[in-house]
Amino acid sequence: MIYKNIEIEEIENGIKIIGQSNFEPSHIFDCGQCFRWMKEDDGSYTGVAMGKILNISKRDGDIILLNTNLGDFENIWYDYFDLGRDYGQMIDKLKVHDDNLLKATEFGHGIRLLQQDGWEMLISFIISSNNRIPMIQRAINNISENYGDCLGEYKGKTYYSFPSPAQLSKASVEDLRNLKLGFRDKYVYETTKAVLESGLDMVDFIKMEADICHKELMKFKGVGAKVADCIALFGMRKYDSFPVDVWVKRVMQEFYGAEDMSLVKMRAYGRDLFGEDAGFAQQYLFYYVRELEIGK
DNA sequence: ACTCAGGACGCTA
DNA sequence: TAGCGTCCTGAG
C-alpha cells in the first residue's frame, strides 16, 4: 500500500518500507543524535522511542520494522524517521555546496534526522555535556530503568520508557549522582523542577521561531549554546541549528578556513555558511570526521 | 599514579 | 564580554 509519499507493506508483527534508498540504520543510529538504539547480534537495532519498543533492520533494500503495527507506523514512526522528507533532494543540494559536503554525504548516506521527543532531548543532551557516548547511554538507561515505565521484554531484554518530568522529579540530586550522571546531576535536577513547576510542555518549543527557541532552551541549567542546538535540531525540528562541539570546530578549521574562535562564534560562522540546511550539513560533516577521526 | 576526552558554569577583570 | 579554573567518570 501507499502511505503518503512512500510504499509500505504490512508483515507479521511489523511493517516493511519498500525501496527507501536514503535509509541506513547504522548511520542513523551512530551519527550522535540518539542514545537508546542498540545493535543486536543479528545486525538489527532495537530501541525505545515515544514509549514503544521497536526493532529495525535493512533487508534486500527494504526496511523492516518489527514489534509494531500500521497504527503506530502512521502515528509515530513515519514522523520519527522523518519519512516525509526527500533526503535525495537534500543531499543533492548539499553536495553542490562544496567538495567536503560531497564526500561527507557519500560517506554518511542514509542518515536521517530523527524527530525525537523534546523533553527526552533536553535531559539527554544535558547529560551529554563534557561526556562520552557510552557514559551518556548508561546514564540514560539508568534513569529510564529507575524512573520510567517498564515496557516489557524484547529478544530477552527488558525495556523502559524515558521518564516524564513528573517521574524524573522523584529523583534527588544524590539519586542522580548514583545513576552516574556525574556533575550534571544538579543540572538535570534543576531543569526537571523548572519544567514541572513552570507547567511548560516541551512540545510548544516546536512552534517557536528558531532563535527564540534557542534562547529559551539556554535558560535551563546545564544548557549552553551547543546543547541547546542539539535539543533544537533533534527534538524541535529547528533544521538551521548548528551544534558546535570539538569535532565540528575542527571541521570548520580544517575544511572551511575558520579561525580558532569560540564555539558561539563558530556557531554563527556555520549558520552563515550553510543557511537553512545548517543542521543537515553539520550532521553529515560531524559523522564523517568523527568516524574517520579527521583532524584529530 | 597519571593523563586525557568532553561543554557549561561562575568568577575575575 | 572574554578568559580560565572547575566539575565527574572511565579508558589508556
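This is a predicted model: local features need pLDDT of at least 70, side-chain atom pairs count only at pLDDT 80 or more; totals for chains, interfaces and linings use all residues.
**Figure 1. Glu40 forms a salt bridge with Lys157, in which the closest N and O atoms are 3.7 Å apart.** The pair links distant parts of the chain, since Glu40 lies in the loop between β4 and β5 whereas Lys157 belongs to strand β9 (residues 157-160), 117 residues apart. Over the whole structure, 15 salt bridges are found, a salt bridge being a side-chain nitrogen of Lys or Arg within 4 Å of a carboxyl oxygen of Asp or Glu. Residues are numbered from 1 along each chain as its sequence is written, and chains are lettered from A and ligands numbered from 1 in the order in which they are written.

**Figure 2. Seven strands form an open sheet with antiparallel pairing.** The strand order is β1-β2-β3-β7-β6-β5-β4. Helices (H or I, at least four residues) and strands (E, at least two) are DSSP runs numbered from the N terminus, and two strands pair if DSSP finds at least two bridges between them.

**Figure 3. The pairings of β1, β2, β3 and β7 are antiparallel.** Two bridges connect β1 to β2, and Ile2 stands opposite Glu7 in β2. The hairpin of these two strands has two residues between them, and Lys4 takes a positive phi near 50° there. β2 and β3 are joined over five bridges: Glu10 is opposite Ile15 in β3, and Ile11 has Gly14 as its bridge partner. Two residues again separate the strands in the hairpin of β2 and β3, where Asn13 has a positive phi near 60°. Four bridges then join β3 to β7, with Ile17 opposite Ile63 in β7.

**Figure 4. β4 runs antiparallel to strand β5 (residues 45-49).** Three bridges join the two strands. Lys39 has Tyr45 of β5 as its bridge partner.

**Figure 5. DNA strand B is surrounded by 19 residues.** The closest are Asn130, Phe183, Gly222, Val227 and Trp247; a residue is near a molecule or strand if one of its heavy atoms lies within 4 Å of it. α11 (225-235) and α12 (246-256) each supply at least two residues of this surface. By class, the surface near DNA strand B has eight nonpolar, five polar and six charged residues, where Ala, Val, Leu, Ile, Met, Phe, Trp, Tyr, Cys and Pro count as nonpolar, Asp, Glu, Lys and Arg as charged, and the others, Gly among them, as polar. Sugar or phosphate contributes 54% of the atoms of DNA strand B within 4 Å of the protein, and bases the rest.

**Figure 6. Arg132, Met135, Arg138, Arg177, Lys180, Gly182, Phe183 and Lys265 are the residues around DNA strand C.** Of the atoms of DNA strand C that come within 4 Å of the protein, 83% belong to sugar and phosphate. The residues of this surface divide into two nonpolar, one polar and five charged. An N or O atom in the side chain of Arg132 is 2.9 Å from a base nitrogen of DNA strand C, whereas Arg138 places a polar side-chain atom 2.9 Å from a phosphate oxygen. A backbone N or O atom of Phe183 is 3.3 Å from a sugar or linking oxygen of DNA strand C.

Notes: Side-chain values use heavy atoms; hydrogens and water are left out. A polar contact is a pair of N or O atoms within 3.5 Å; within protein, one must be able to donate a hydrogen and the other to accept it, and residues adjacent in sequence count only if both atoms are side-chain atoms.
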